Amino acid sequence: MRRDVFQAIADPNRRAIIHLLASERLTVNQIADNFNVSRPAISKHIKILTECGLVAIKPQGRERYCEAKFGKLREVSEWIEQYRKFWNSKLDALEDFLDNN
């Protein structure tokens with residue numbers, strides 16, 4: 001199954017993982033310590049994030065470190081931007097209407 005960034009950020013646990021990795025590289029065990037779910041569940045979330053290009057795993061010695069890759073979030077930002085522009089124009093028109101009546 002091909003996954004995309006929207007699927008990745010749809011889950012609150014995956015959003016929380018991205019948030020954790022935004023400030024530092026962490027091992028899977030370090031990430032799992034922040035959640036009340038099993039280590040295998042965290043590994044599945046990280047696998048999805050990796051498949052979507054939001055997380056990269058880099059081996060360092062015996063450890064595997066996860067780090068966030070934010071380039072793919074640009075796709076989400078661009079998608080949201082079209083709706084921001086749309087609603088801003090609608091709200092500006094409403095404000096003009098209310099000011100003139």
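**A few residues, one by one**

Guide: Ala-16 lies in helix α2, residues 12-23 (helices are DSSP runs of H or I, at least four residues; strands are E, at least two; both are numbered from the N terminus). This is a predicted model: local features need pLDDT of at least 70, side-chain atom pairs count only at pLDDT 80 or more, and totals for chains, interfaces and linings use all residues. Residues are numbered from 1 along each chain as its sequence is written, and side-chain values use heavy atoms, leaving out hydrogens and water.

Visitor: Is Ala-16 buried or partly exposed?
Guide: Ala-16 counts as partly exposed because its relative accessible area is 27%. Buried means under 20%, exposed over 50%, and partly exposed in between (1.4 Å probe, protein chains only).

Visitor: What does Thr-27 contact, leaving aside neighbours within four places in sequence?
Guide: Glu-63, Arg-64 and Tyr-65. Contact means heavy atoms within 4.5 Å.

Visitor: And where does Thr-27 lie?
Guide: In strand β1, residues 26-27. Thr-27 is buried, because its relative accessibility is 7%.

Visitor: New topic. Where is Asp-92?
Guide: Asp-92 is in helix α5, residues 73-99. Asp-92 is partly exposed, because its relative accessibility is 44%.

Visitor: What about Leu-91?
Guide: Leu-91 is also placed in helix α5.
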